[in-house]
Amino acid sequence: MFKTYQEALNYLYNNLPMFQRIGAGAFKKDLTNTWALCEALGNPQNKFKSIHIAGTNGKGSTSHMIASILQSAGYRTGLYTSPHLKSFTERIRLNGKEITEQFVVDFVNRIQPYIEKIQPSFFEITVVMAFDYFAMEQVDVAVIEVGLGGRLDSTNVITPELSVITNIGWDHTDILGDSLEKIASEKAGIIKHQIPVVVSERQPAVEHVFMAKAAAEEAALNFASDHYAVTTRLENGRATLTVEKDGSVLFDRIALPLPGHYQKKNLPGVLQAVTILQQQGWKITDKELLDGLEKVTSQTGLKGRWQILHEKPIVVCDTGHNLDGIVQVVEQIRHTPHHKLLMVIGMVKDKDISGVLKLLPTEANYYFCQADIPRALDADTLAAQAHALGLKGEVVRNVNEAIAKAKANAHAEDMIFIGGSTFVVAEIEGL
């Protein structure tokens with residue numbers, strides 16, 4: 001029996017394969033373990049209503065925005081996301097509050113015999129922990145973010161009220177497939193029989209995949225970008241958004257505390273999802289919708305999405321880490337006034353390293369670092385590949401030492417960007 005939170009957590013970290021640390025070796029390509037664990041716990045996934053969210057980029061922001069809106073509407077709202085940045089308990093929230101350490105201890109003690117028997121992955125255990133918590137806490141609804149892919153993701157044992165797919169891009173090609181169609185097919189695996197689905201962004205290259213899957217499942221398919229258009233402008237570090245629906249202004253000035261330009265791609269999916277929930281009988285007013293959006297970071301604890309850490313020099317971090325995410329980051333850097341650009345960059349081994357490096361600004365001064373996880377790409381290797389592509393900089397292995405060196409070399413009118421990997425952002429002191 002584990003007596004302390006740290007003992008229970010160490011047991012999970014040390015005994016279960018963890019994608020965060022080792023990558024594809026921790027991914028189980030079927031749902032057998034998840035079903036077995038759920039069965040052992042009395043199938044908690046069937047005891048609460050849920051909303052299921054997949055996608056290459058934007059699924060975390062979308063999950064947090066929908067959860068915050070439901071909270072503002074007065075619903076007792078669960079939220080499951082991954083990976084965590086600072087604390088394991090960030091993954092599982094109730095009305096924005098992290099799961100208690102005592103629940104983690106009690107759960108691990110309860111589930112340990114089944115862990116020894118079933119030999120699940122770390123992610124499989126965290127998913128069923130979330131389901132068990134939401135069932136015991138009798139949530140009105142839980143927003144469940146897919147970990148990886150969709151069809152074979154451990155979260156895909158729920159039957160939700162609604163499925164949301166944010167977008168399709170190049171990521172995890174070693175697991176999900178070597179074409180956008182194959183990746184889309186894996187994401188489309190969350191579409192359930194006669195359960196409505198929202199696709200945030202109509203992408204001509206893959207729209208037919210969602211159409212075919214939705215038709216096969218008799219699921220109402222909604223491409224949110226067909227109806228909603230969002231324009232953004234920055235005011236004092238906050239994004240002010242104007243939303244049009246079918247050509248008419250719906251909301252003129254939404255003050256979203258997520259200043260990333262890429263949120264204009266996520267918001268249509270959020271708004272379309274809320275519309276469908278309203279049609280299903282969920283009571284959400286426009287006032288509550290706006291309140292949820294404007295309080296998303298304070299109500300759900302969302303971090304690391306174009307988060308401004310300091311002014312003069314402006315210091316920004318972002319968890320974008322794949323090709324599409326980096327494209328959005330670089331675009332926003334170019335739209336942010338600055339004199340000199342300093343970049344603190346680290347990556348993990350299983351990404352398209354060369355593809356990402358080719359997107360990065362050649363005029364920046366780079367500090368190449370590595371997160372303290374086995375999956376991290378060696379900083380010297382990263383620097384060598386970067387130098388070969390014309391990026392100039394130096395290796396400062398430790399993330400926070402690299403940030404400190406960048407700050408020491410920056411003037412008030414300069415800009416420091418920190419990113420390249422979720423795990424680099426996770427190590428920022430004080431985040």
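Among contacts between residues at least 6 apart in sequence, what share joins residues at least 24 apart? In this protein the share is 74%, where contact means heavy atoms within 4.5 Å.

## Basis of the model

This is a predicted model, in which local features need pLDDT of at least 70, side-chain atom pairs count only at pLDDT 80 or more, and totals for chains, interfaces and linings use all residues. Residues are numbered from 1 along each chain as its sequence is written, and side-chain values use heavy atoms, with hydrogens and water left out.

## Overall fold

The protein has 17 helices and 17 strands. Both are DSSP runs numbered from the N terminus: helices are H or I with at least four residues, strands are E with at least two. The C-alpha atoms fill a box of roughly 60 × 55 × 40 Å along the principal axes.

Of the 431 residues, 60% count as buried. Buried means under 20% relative accessible area, exposed over 50%, and partly exposed in between, with a 1.4 Å probe and protein chains only. The accessible surface comes to about 17,000 Å², of which 49% belongs to carbon and sulfur atoms; the areas come from the Shrake-Rupley method with a 1.4 Å probe.

## Helix α6

Helix α6 covers residues 122-136. Its 15 residues reach 21 Å from first C-alpha to last, close to the 21 Å expected at 1.5 Å a residue. The expected span is 1.5 Å times one less than the number of residues. Of the 15 residues in α6, 14 are buried. Just after α6, Gln138 takes a positive phi of about 50°.

Strand β13 spans residues 314-317. In a regular strand the side chains alternate between the two faces of the sheet. Ile314 and Val316 point one way from β13, Val315 and Cys317 the other way, and all are buried.

β13 pairs with β12 (residues 307-310) in the antiparallel sense over three bridges; pairing needs at least two DSSP bridges. Gln307 stands opposite Cys317. Three residues separate the strands of this hairpin, where Lys312 has a positive phi near 55°. β13 also pairs with β17 (residues 415-419), in the parallel sense over four bridges. There, Ile418 is the bridge partner of Cys317.

## Cysteines

The structure holds zero disulfides, a disulfide being a pair of cysteine sulfur atoms within 2.5 Å. The closest cysteine sulfur to that of Cys369 is in Cys317, 12 Å away and too far for a bond. Cys369 is buried, at 0% relative accessible area. Cys38 is also buried, at 0%.
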